[in-house]
Amino acid sequence: MLNVLKAFQSIVKTYTVELFERETNCKRLKATITFIDGSKLFIKDYNFSSERKYSYHWADRYGKLIIRWDNAPHWHQLTTFPHHKHIGSSERVEPSLEIDLNAVLMFIKRQISD
């Protein structure tokens, strides 16, 4: 994660790692990134052997959802199932190609830099 954050230091103000555990085939990461515009990205990325669960929740400085990317398997009709994003609310769901921290930060950087 630190190498990824280094590549995006122009938009990252601070970050905290609330949880990082690594065992044989398992990894759990929970962290928060605060960006230069005051928005925050709440990260949950868990790998259990052959299964991965993630959620990247991006909220504005007031806590309002901007976008949440996740892979909870409940939107079967999407072309990128189980990967999807909630835009502005939990009800507005779209396909998502951003499935890792690097891709999510690239997306956010484009939004903040505009």
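Trainee: Where does proline 82 sit?

Mentor: Proline 82 is in the loop between β5 and β6 (84-87). Keep in mind that we're looking at a predicted model.

Trainee: Okay, and what joins phenylalanine 81 and proline 82?

Mentor: That link is a cis peptide bond, with omega at about 5°.

Trainee: Which residues is histidine 84 in contact with, leaving aside its neighbours within four places in sequence?

Mentor: Among them are Arg68, Trp69, Asp70, His74, Trp75, Val93 and Glu94. Valine 4, on the other hand, is 80 residues from histidine 84 in sequence and 22 Å away in space, C-alpha to C-alpha.

Trainee: You mentioned Arg68. What makes arginine 68 and aspartate 70 a salt bridge?

Mentor: The cut-off is a side-chain nitrogen of Lys or Arg within 4 Å of a carboxyl oxygen of Asp or Glu. Here the closest N and O atoms are 3.4 Å apart, so the pair meets the definition. Both arginine 68 and aspartate 70 are buried.

Trainee: Why does the pair of glutamate 98 and lysine 85 tie together separate parts?

Mentor: Look at where the two residues lie. Glutamate 98 is in the loop between β7 (93-95) and α2, while lysine 85 is in strand β6, so the pair links parts that are 13 residues apart in sequence. Their side chains meet in a salt bridge at 3.4 Å, N to O. Glutamate 98 and lysine 85 are both buried too.

Trainee: How many salt bridges does the structure hold?

Mentor: There are 7. One of them pairs arginine 92 with glutamate 94, with the closest N and O atoms 3.1 Å apart.

Trainee: On to the rings. How many aromatic pairs turn up in the whole structure?

Mentor: The search finds 3.

Trainee: What makes the pair of tyrosine 46 and phenylalanine 48 tilted?

Mentor: Their planes are 55° apart and their centres 6.2 Å apart. Phenylalanine 48 is partly exposed, because its relative accessibility is 31%.

Trainee: Why is serine 49 called exposed?

Mentor: Exposed needs over 50%, and serine 49 has 59%, so it qualifies. Serine 49 sits in the loop between β3 and β4. Another thing to spot there: serine 49 has a positive phi of about 50°, although it isn't a glycine.

Trainee: Which residues touch the most other members of the largest nonpolar core?

Mentor: Out of 22 residues, those are Ile33, Phe35, Leu41, Trp58, Trp69 and Ile108. Elements giving two or more residues include β2 (26-35), β3 (40-48) and β4 (51-59). The largest share, 6 residues, comes from α2. Phenylalanine 35 has contacts including Ile11, Leu41, Trp58 and Ile108, leaving aside neighbours within four places in sequence.

Trainee: Which residues form the nonpolar patch on the surface?

Mentor: Leu2, Tyr15, Val17 and Phe20 do, with about 400 Å² of accessible area together. Strand β1 (residues 12-23) gives the most, with 3 residues. Take tyrosine 15, which is in strand β1.

Technical notes:
Residues numbered from 1 in each chain as written. Predicted model: local features only at pLDDT ≥ 70, side-chain atom pairs only at ≥ 80, totals over all residues. Heavy atoms only, no water. Patch = residues over 30% accessible without salt bridge, like charges linked within 9 Å, V, L, I, M, F, W, Y side chains within 5 Å. Areas by Shrake-Rupley, 256 points an atom, 1.4 Å probe, with all protein chains shown as cover. Helix = DSSP H or I, 4+ residues; strand = E, 2+ residues; numbered from the N terminus. Core = buried A, V, L, I, M, F, W, Y, C linked by side-chain atoms within 4.5 Å. Buried < 20%, exposed > 50% of the residue type's maximum accessible area, 1.4 Å probe, protein only. Contact = heavy atoms within 4.5 Å. Phe/Tyr/Trp six-rings, centres within 6.5 Å; stacked < 30°, edge-to-face > 60°.
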